[in-house]
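The following exercises ask you to read a protein structure step by step.

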Amino acid sequence: PRSFIYAFIGVFFIGAFVFFLNKSTSINMVFIRSKVPFTVSQEGKVLNNFQLKLSHQGDSRPKVEFRVKEVEYQKDIELITPSHPTILKTADHKAVIFFRFAPEFLKKSGGKITVETIDSETGVVLSEKEVSLVGPLVD
């Protein structure tokens, strides 16, 4: 009888672990800068290019969008991705993301912003990551 209780408790904890792992919605973001740190467009805007690696656990295949967390910077910087929203079809997904901004933005922000990953269906913030932007020196 006691061994059955221990077996039941063990199965319960393993089942609970698997259940919560599958329901996990957190997303891990890794930004990898391209070989060319930045480019300047003909309009004078600075462009930073990153490869973005997204990984998540669970059964869901979320549709996500990205935004700058700092409200005061949202009008100054444009995030460009190939698809809107980005659908995470696999547990490890790779995407390209560009940040476009005026050179003066680096002086204003110190070159650091926080990018949020948002579930496009629910609006819930799934993760956030600080990104360092670079560009030409501005007097």
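Helices (H or I, at least four residues) and strands (E, at least two) are DSSP runs, numbered from the N terminus. This is a predicted model, in which local features need pLDDT of at least 70 and side-chain atom pairs count only at pLDDT 80 or more, while totals for chains, interfaces and linings use all residues. Residues are numbered from 1 along each chain as its sequence is written, and side-chain values use heavy atoms, with hydrogens and water left out.

**Exercise 1. Confidence**

Determine which elements of the protein chain have the lowest and the highest mean pLDDT.

*Solution.* 
Step 1. The quantity pLDDT is the predictor's confidence in each residue, from 0 to 100.
Step 2. For the protein chain, the mean pLDDT is 86, and 91% of the residues reach 70 or more.
Step 3. Among the elements, the lowest mean belongs to α1, at 75, and the highest to β5, at 93.

**Exercise 2. An open sheet**

State the order of the strands in the open sheet of four strands, and explain why one side of β6 and of β9 is left without a neighbour in the sheet.

*Solution.* 
Step 1. Two strands pair if DSSP finds at least two bridges between them. Strands of a sheet pair through backbone hydrogen bonds, either parallel or antiparallel.
Step 2. The order is β6-β4-β8-β9, and the pairing is antiparallel.
Step 3. Strands β6 (86-87) and β9 (125-132) stand at the edges and have a single partner strand each, so one side of each lacks a neighbour in the sheet.
Step 4. Two bridges join β6 to strand β4 (residues 63-68) in the antiparallel sense. Thr 86 in β6 stands opposite Val 64.
Step 5. Val 68 is also found in strand β4. Its relative accessible area is 3%, so Val 68 is buried, where buried means under 20% relative accessible area, exposed over 50%, and partly exposed in between (1.4 Å probe, protein chains only).
Step 6. Val 68 and Glu 128 are 60 residues apart in sequence, and their C-alpha atoms are 9.3 Å apart in space.

**Exercise 3. Strand β7, its partners and its faces**

Identify the bridge partners in β7 of Ile 80 and of Leu 47, and say which side chains of β7 are buried.

*Solution.* 
Step 1. Strand β5 (residues 77-80) pairs with strand β7 (residues 92-101) in the antiparallel sense over four bridges. The partner of Ile 80 in β7 is Phe 98.
Step 2. Strand β3 (residues 46-56) pairs with β7 in the antiparallel sense over ten bridges. Leu 47 has Arg 100 as its bridge partner in β7.
Step 3. In β5, Ile 77 and Leu 79 form a covered face, and Glu 78 and Ile 80 an uncovered one.

**Exercise 4. Salt bridges**

How many salt bridges does the structure hold? Describe the one that Arg 100 forms and the one that joins Asp 76 and Lys 108.

*Solution.* 
Step 1. A salt bridge is a side-chain nitrogen of Lys or Arg within 4 Å of a carboxyl oxygen of Asp or Glu. Side chains of opposite charge can pair when their charged atoms come close.
Step 2. The structure holds five salt bridges.
Step 3. Arg 100 forms one with Glu 78, and the closest N and O atoms are 2.9 Å apart. This pair links distant parts of the chain, with Arg 100 in strand β7 and Glu 78 in strand β5, 22 residues apart.
Step 4. Arg 100 has a relative accessible area of 28% and is therefore partly exposed. Glu 78, at 37%, is also partly exposed.
Step 5. Asp 76 and Lys 108 meet through their side chains in a salt bridge of 2.4 Å, N to O. This pair too links distant parts of the chain: Asp 76 is in the loop between β4 and β5 and Lys 108 in helix α2, 32 residues apart.

**Exercise 5. Ser 109**

Decide whether Ser 109 is buried or exposed, and state which backbone nitrogen its side chain reaches.

*Solution.* 
Step 1. Ser 109 belongs to helix α2 (residues 104-109).
Step 2. Its relative accessible area is 12%, so Ser 109 is buried.
Step 3. The side chain of Ser 109 reaches the backbone nitrogen of Gly 111 at 3.0 Å.

Key: Polar contact = N/O pair within 3.5 Å; in protein donor to acceptor, adjacent residues only side chain to side chain.
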